Structures are given as C-alpha cells and as structure tokens.
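Trainee: Let's go through this model together, one topic at a time. I'll start with a helix.

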Amino acid sequence: MDIVERHTDAKDAARTPLLILEAVRSFLDEHGLGTGALEAHRIGEGGGSNFSFLLEREDGTLYVLRRPPRPPLPPSAHDVVRESGLQLALAPHGIRVPNIRAVCEDDSLLGVPFYVMDYIDGDVITTALPPPLDEVPAARRADDLVDTLVEIHAADVRVPALAAFLRPGNYNERQVRRFSQLWELNQTRDLPTVVDVGRWLASNVPEQLPPTVVHGDYRLGNMIVTRTEPDRIAAVLDWEMGAIGDPRADVGYLVATYSEPGGRENPLGTSPVTALQGFPTRNELVERYSSRSGRDVEPLAWFEGLALWKAAVFCEAIYGRYVRGELTADDGRASRFETGVPLLAETAAKLIGA
C-alpha cells in the first residue's frame with residue numbers, strides 16, 4: 001500500500017509506503033497546519049517523478065505534500081528540498097508558484113525529505129478540457145501559457161535568493177554533459193541513437209543567452225488553470241528540473257513536447273488535448289514568446305533536440321525501475337517507455353539532423 005496509518009503498519013507492507021499518516025499528521029500539527037484527523041490520496045501524474053498527495057484535515061483545511069519516489073534514486077535527482085527552495089525564492093517576484101508552508105529535511109519521518117504547500121483549486125489539463133474550453137475552440141489560444149513563461153524568465157536572477165542557484169559556466173554545455181553521464185547510469189539496453197544525439201549536441205553547443213530562471217519541464221500539464229477562467233494559469237507546478245540557465249531551454253522544451261493541431265505527434269505523449277482545433281501552432285507559441293520577451297530563440301532546433309534527448313534519458317531511468325520491479329504497471333507510463341524512449345531519441349535525431 002502507498003499510504004498507511006502508522007509506522008508499525010509499514011513493517012508488514014510489501015513495499016515501503018509513500019505516506020505514513022501519523023508522521024505527516026504530527027508534522028502538520030507542529031507547523032500549525034490544520035487540526036484533527038488526516039486523510040490523504042495521491043494526485044497528479046505518477047511514474048518516476050516526485051509524488052504529490054492531497055491532504056485533508058478534519059477541520060476542512062487542504063494541503064498538498066510533495067515527496068520523491070521510493071529510494072534508491074539517481075544522483076542529484078528528485079531533490080524536493082532544492083525544488084521547494086527555488087519556489088520560495090521565486091514567490092516574492094510574483095511568479096505563479098504554490099504557497100509553500102513547510103519543508104521537512106529530516107528523512108526519519110517518511111524515509112525521504114518532503115514539503116507541504118497550499119492546495120490550489122483548479123484544473124490540470126492533460127487528456128480532457130474543462131468548460132468552456134471543451135466547447136469553445138476560440139477560448140483555446142493558450143496566450144497565458146506563453147506569457148507566464150515570459151514572467152518566469154523576467155525574474156531578476158541577481159537577487160541573492162535566486163543567485164544562490166546560479167552555477168558557473170555554460171548551462172547548455174553543462175546540461176549535455178550531465179545527461180550524458182546520467183545515460184551511462186540509467187540505460188538498460190543498447191540504444192545507439194541516444195548516444196549519437198548526445199554527441200551531436202555536445203559538438204554544437206550554442207553560446208548561452210543572459211541567464212534566467214529555467215523551469216526545465218515547462219508544459220501545459222504542469223499548470224493549474226483557474227476554474228472560472230480556464231485560459232488563465234493559477235500556478236506553475238513541478239519545479240524539480242528548475243535552474244538558472246538559458247531561457248531557450250524552456251521554449252525548446254515547450255514546443256518539442258507540444259501537440260499542435262494537424263502537426264507532428266508529441267513523442268512524450270503529454271497533454272494531447274492541445275492537438276484539438278483552436279490551440280495555437282508551435283510557430284505561434286514561439287512568435288508570441290519572442291514578441292513578449294524580446295529574445296531571439298534561434299537555434300531553437302538545438303534546444304528542441306536537447307529537450308527530447310533529456311526526456312529519453314530521464315524516462316529510461318523510469319523504465320529501468322519498472323524493469324527491476326521497483327515500479328508497477330500502475331505507476332504512470334513506466335511500461336510505455338520500452339518504446340517511448342527510442343521514439344524520443346529518434347524524434348530528436350530528426351529535429352537536429354543528426
């Protein structure tokens with residue numbers, strides 16, 4: 001079971017529970033977050049990313065707990081303390097992030113660190129559209145998806161709280177080097193295309209633009225939209241890959257993992273609803289970003305290739321956990337990555353001409 005009531009229940013579980021209610025309840029009480037009994041259930045996409053749980057106290061207060069998957073974890077991955085720290089640094093800049101209430105760095109409670117944030121009432125758009133987007137194609141312009149990214153990239157990274165996330169050197173070069181190393185750790189099979197794409201990216205690294213905050217996984221499925229205005233983004237979620245780097249990395253990721261009406265298929269399979277009539281094309285997304293930000297995003301194909309290649313490397317880690325029995329068929333898209341990882345690599349190769 002993923003959720004148990006007591007620490008003693010965890011001893012008899014076939015797999016280490018993700019949530020122990022008595023431990024979470026004690027943590028919430030210590031930080032003045034609601035009162036009374038606690039109920040919890042998992043929300044959002046599962047798989048190999050960090051997990052989110054909706055927490056409901058007896059007094060009616062709602063929170064969301066975010067924690068990593070079960071150990072063992074790849075090096076430097078799933079760092080929820082860092083993830084929460086970046087959001088806390090962004091909040092004073094007016095960036096639309098959840099309000100984080102408490103961070104637990106002590107892994108004695110759940111076996112891993114975690115943090116708790118306010119629950120935001122809204123919709124996450126993936127496979128279905130909320131009203132009126134489901135009936136009114138003209139409401140699907142997704143302008144705020146681009147405008148929110150422009151806001152993120154406008155945050156002043158020189159202020160101390162954000163400057164703490166800045167690393168020396170070229171972000172683009174560092175990304176290629178890091179994910180090449182991760183591939184050596186993550187790979188479960190021989191996939192030459194992944195290696196070939198990585199080599200091409202390493203040989204063609206573009207000079208970095210002036211650094212900005214980079215979300216790292218910027219797509220519609222990581223947004224909460226308001227219920228009253230579903231074309232308006234209430235909050236940006238999942239900052240696990242966040243960093244200070246080249247803003248084109250986010251633009252490349254957004255368009256590479258975007259399903260456009262009548263266009264090429266999104267190989268990652270995220271938020272397929274954007275293939276419906278009324279949603280903008282990839283070119284329209286890029287044009288709006290360039291117009292609103294004043295940035296030239298070329299060579300965008302390099303960043304699209306980087307996005308898909310990184311996704312292949314990351315998803316191979318998830319697939320590896322599935323092959324080893326650490327994840328089950330119920331854990332998101334884990335089993336689908338048997339064919340999904342090669343497809344991501346092949347699509348990246350076509351984009352960059354490698």
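Trainee: Which residues of helix α3 (residues 80–90) are buried?

Mentor: The buried residues of α3 are V80, E83, S84, L86, Q87, A89 and L90, where buried means under 20% relative accessible area, exposed means over 50%, and partly exposed covers what is in between, with a 1.4 Å probe and protein chains only. Helices (H or I, at least four residues) and strands (E, at least two) are DSSP runs, numbered from the N terminus. Keep in mind that this is a predicted model, in which local features need pLDDT of at least 70 and side-chain atom pairs count only at pLDDT 80 or more, while totals for chains, interfaces and linings use all residues. Residues are numbered from 1 along each chain as its sequence is written, and side-chain values use heavy atoms, with hydrogens and water left out.

Trainee: What covers the buried residues of α3?

Mentor: The cover includes the strands β5 (62–67), β6 (100–104), β7 (114–118), β8 (212–214) and β11 (243–245), together with helix α5 (160–163); contact here means heavy atoms within 4.5 Å.

Trainee: And which residue caps the N-terminal end of α3?

Mentor: D79 does, with a side-chain oxygen 3.3 Å from the backbone nitrogen of V81. A polar contact is a pair of N or O atoms within 3.5 Å; within protein, one must be able to donate a hydrogen and the other to accept it, and residues adjacent in sequence count only if both atoms are side-chain atoms.

Trainee: Switching to the core, which members of the largest nonpolar core touch the most others?

Mentor: Of its 74 residues, L90, L145, V213, Y218, W239 and W309 touch the most other members, and helix α10 (residues 300–323) gives the most to this core, with 13 residues. Such a core is a set of buried Ala, Val, Leu, Ile, Met, Phe, Trp, Tyr and Cys residues joined through side-chain atoms within 4.5 Å. Apart from it lies another core of 23 residues, among them I3, L33, L55 and V116.

Trainee: What is V213 in contact with, leaving aside neighbours within four places in sequence?

Mentor: V213 is in contact with L90, I152, H153, A155, V157, L162, W239, A243, I244 and D250.

Trainee: Which ring does the charged end of R42 sit over?

Mentor: The ring of F51, 4.2 Å from its centre; a charge sits over a ring if NZ of Lys or CZ of Arg is within 6 Å of the ring centre and within 35 degrees of the ring normal.

Trainee: What about phi at D238?

Mentor: D238 has a positive phi of about 55 degrees although it is not a glycine. D238 is found in the loop between β10 (233–236) and β11, and it is buried, with a relative accessible area of 14%.

Trainee: Which side chain reaches the backbone oxygen of D238?

Mentor: That of H215, at 3.0 Å. H215 is in the loop between β8 and β9 (223–225) and is buried, with a relative accessible area of 0%.

Trainee: Last one: how many disulfides are there?

Mentor: The count comes to 0, a disulfide being a pair of cysteine sulfur atoms within 2.5 Å. C104 is buried at 4% relative accessible area, and C315 counts as buried at 5%.
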